[in-house]
Amino acid sequence: VAARASHCLGQLARAEGGHAAVKPALDQALRRLKEGNRLDSAVLVLVQLAEHAPTLTYVHLSEICDHLWTAIRDPRVSTRQGAAAVLRACLALVASRPGHARERWYARVYDEAQKGLASGASTEIVHGALLTIAELLDAPGARLTERQLDTLFEGAWACRNHRDKAVRRAVLDVPPRMAAHCERSSVEEVHRGAKLNLFESNFLNGSVALMLTALRSPPYQELRHLVFQAIGEIALHTKATIHSRQEPLQPLHRRATAPSSNPRKGSIFGAGPSVSVVELRSGAPLDAHPLVEKLPELLQELKESLGFRKAARGAKGPLTASPEAIQCIENLAISMGPTLSPYIADLMPHLFASGLSPALLSALQAIAKHVPSELPLLQRNVLDAVAATLTRLPFDEWCQLPRKDRTGAFALA
């Protein structure tokens, strides 16, 4: 109810003369923020007014900046997430108005994030700091130095094995946002003849190793969909590096791995590795992009999430696929292009196992565009999927029916 009411308040603020109508609500939200009282409703109001009444809210940015941190460290997860949304809206406001105030905001946000990552901090403070880091990295005008980015990433990295699920979820959000931030930045380093941004030279190998280990780590099993989402975003943001560094690797001659007697070994069904053993910087970088180097391992994990398990234990009905896993394959196709070609045929049965869906169609379009050599295979699988949906028969079997029986096959389906 409070969320809907605050949404109505935001719509009212957009109307002519609406600022006068919502000013009392803004004053009340600021008062609650200062007093630390009913912070959940205060952040709902502030995020709506920051988005829909920016001129009115901008006047009070200094007050928000001084008192928002109590909400972002609140014991309730929903309040912390709401405060992060307020921070996001305020950073967007600041970015649209260049000046010294913007730099002061970025400096204050960085300092607060750094404080929250201090050793011995409570779960609420750590989670709030990680949310703050994510919003700072996403801020349009933020230009962080190499030292600042190093500090933030290493602080988030230290939380990778935290006992709290919300903290682990927030840790997974940092690498793709860091990759996006460094991609936007003009700072590059020359490494082995190629220009790499800070994320690619310092954090890419460690981030990929963390994601792949998390897929097999029991504490991260409930967050597998977020791991796939993060991997896909990292691939998109390092696409140029994938193309420049994939030359030494020949995917057709990928290393063969012996089949395991337990295909789910290392997952929730087994003991599994711990992400605490993954090092951020582990020697010299790979000659190939780490996602290309580890592609067979990643695709095996993706196939396990593509329709070959029930939505819930003992559940009846059609198999369900993880939309994030399908989206990850789409992003891999966009970023890797023909490098993915040797693996497409093996992926097809898994992609189509749970039937047609908007996510699958989007992924197929991306594969057809960026891996054009596999277009005939895609077309054949789509024909079979459509025929199976309409007639419960593969396309070839339906074509072999006598002409008079083909229409009847549609009716029986």
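Predicted model: local features only at pLDDT ≥ 70, side-chain atom pairs only at ≥ 80, totals over all residues.

**Helix packing and the cavity**

In the contact of α9 with α10, the residues L149, F153 and A156 of α9 meet V171, V174, P175, M178, H181 and C182 of α10. Contact here means heavy atoms within 4.5 Å. By class, this contact has 8 nonpolar residues, 1 polar and no charged; Ala, Val, Leu, Ile, Met, Phe, Trp, Tyr, Cys and Pro count as nonpolar, Asp, Glu, Lys and Arg as charged, and the others, Gly among them, as polar.

Residues are numbered from 1 along each chain as its sequence is written, and side-chain values use heavy atoms, with hydrogens and water left out.

Helices are DSSP runs of H or I with at least four residues, numbered from the N terminus. The axes of α9 and α10 cross at roughly 160° and come within 10 Å; axes are lines fitted to C-alpha atoms over the stretch in contact, and angles run from 0 to 180 degrees between N-to-C directions. α9 is therefore roughly antiparallel to α10, a term for angles over 145 degrees, whereas angles under 35 degrees count as roughly parallel.

How does α9 lie against helix α11, residues 198–214? Their axes come within 11 Å and cross at roughly 5°, so α9 is roughly parallel to α11. On the α9 side the contact uses E146, L149, D150, F153 and W157; α11 contributes L198, F199, N202, F203, G206, S207 and L210. This contact divides into 7 nonpolar, 3 polar and 2 charged residues.

I turn to the cavity. A search of the whole structure finds 1 cavity of 30 Å³ or more; a cavity is a set of points on a 1 Å grid over the protein atoms alone where a 1.4 Å probe fits but cannot get out, and lining residues have an atom within 4 Å of a point. The largest cavity holds about 30 Å³ of space, the volume being the space filled by probe spheres set on the points, which are joined across faces, edges and corners. Its lining consists of F153, A156, W157, V171, V174, P175 and L210. α9 (146–157) and α10 (165–184) are the elements that give two or more residues to this lining. The lining has 7 nonpolar residues, no polar and no charged.

Technical notes
1 Å grid on protein atoms, 1.4 Å probe; cavity = no way out; pocket = protein on both sides within 12 Å on 5 of 7 lines; lining within 4 Å. Parallel < 35°, antiparallel > 145°, perpendicular 65-115°, else oblique.
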